[in-house]
Amino acid sequence: MTARETGWGWAARLAGFVGLFVACALVLAVIAGTFSGSYGGPDAAALVWWTVVPGLAAGLAATWLLLVRIDGRRLSWLGLRGGVGAVREVVLGSLAGFAIVGVPVLVLAGLGWASWTASAEPSAWAGVGMSGLLLVAAFTEELLFRGYPFRVLEARFGPVAALVATSAAFGLAHGANPGIGPLAFVNLGLAGVLLGVAYWRTRSLWFAGGVHFGWNWLMAASGLSVSGLDVSISGLDAALSGPPLWTGGAFGPEGGLLVTFVTVLGTAWLWRVGGSRDRARGPSKGET
């Protein structure tokens, strides 16, 4: 990064980004919902294509208009590099997400606090479709919280302030999720820190998106709730029977102390691993 910016230009750019995103997302969601016949129906709060894709399109539009057309910067400034490297970053990030969230899943199983039954005949196509939906949702959230807003705040106030602000916003954005409680809210904020560190230390939005996707996908594949949402991939139905303080109860593991500790440890691990990867890669043209 260059020297920190001064003045109130950062606030105008953030306000413009939020305004553009909200306006585009609302228009696209209404259009998509109308054509799908789901607008205002029982699926309005669910993780479905007609709610997620408009969010991605709106985020991409707001990012392109503010970053490229107004700021005159390249997408690589956000860590969105093209080519095979982008795929590699997503894969590596996904593996990191698997490794981190796999720990509490294994502990729950080992302590007998989680048990599984087959709730339905697994459908390969349904699993692929839901996996794609989780990938789009994860990348959309990374674009909104660890993308343009993070870099604007970082340029003005430094990386720590950007990390704190975007993590708090990330937690607040999930405040209406079903069954959320105080500890779940804290854990979502800590998850925002983990993802922010993944981005800050690697300078790759692809990698951060992969971590986010890997975390959510493994939770869904294990039949566990994803931030309070019932997302089915494998046809497995998980039942939690241990202490709710540790298991998260109805909200799922992300509302329990077990995930609190794992998230903190995972953040420390990503800090070390991410810093090593960023130094090995070095800066790319157009990033400064």
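I began with the lining of the largest pocket: its residues split into 37 nonpolar, nine polar and two charged. My classes were Ala, Val, Leu, Ile, Met, Phe, Trp, Tyr, Cys and Pro as nonpolar, Asp, Glu, Lys and Arg as charged, and the others, Gly among them, as polar. I got a volume of about 1400 Å³ for this pocket. Of its 48 lining residues, Glu 141, Leu 144, Phe 145, Ala 173 and His 174 are the closest to the centre. Helix 1 gives the most to the lining, with eight residues. For the record, a pocket here is an open set of points on a 1 Å grid over the protein atoms alone, where a 1.4 Å probe fits, with protein on both sides within 12 Å along at least five of seven lines; lining residues have an atom within 4 Å of a point. The volume is the space filled by probe spheres set on the points, which are joined across faces, edges and corners.

**Ground rules.** This is a predicted model, so I note that local features need pLDDT of at least 70 and side-chain atom pairs count only at pLDDT 80 or more, while totals for chains, interfaces and linings use all residues. Residues are numbered from 1 along each chain as its sequence is written, and side-chain values use heavy atoms, with hydrogens and water left out.

**Whole chain.** I found 10 helices and two strands, taken as DSSP runs numbered from the N terminus (helices H or I, at least four residues; strands E, at least two). Buried residues make up 47% of the 288 in the chain; buried is under 20% relative accessible area, exposed over 50%, partly exposed in between, with a 1.4 Å probe and protein chains only.

**Helix 2.** I checked the length of helix 2 (residues 49-70): its 22 residues should span 32 Å at 1.5 Å a residue, and the end C-alpha atoms are 30 Å apart, which agrees. The expected span is 1.5 Å times one less than the number of residues. Helix 2 bends by about 25° at Trp 64, that being the angle between axes fitted to the seven residues ending there and the seven starting there. Its buried residues include Trp 50, Pro 54 and Leu 67. Gly 72 follows helix 2 with a positive phi, near 70°.

**Two single residues.** I looked at Arg 81, in the loop between helix 2 and helix 3 (84-110). Arg 81 counts as buried because its relative accessible area is 17%. Leu 270 sits in helix 10 (residues 257-281) and is buried too, at 2%.
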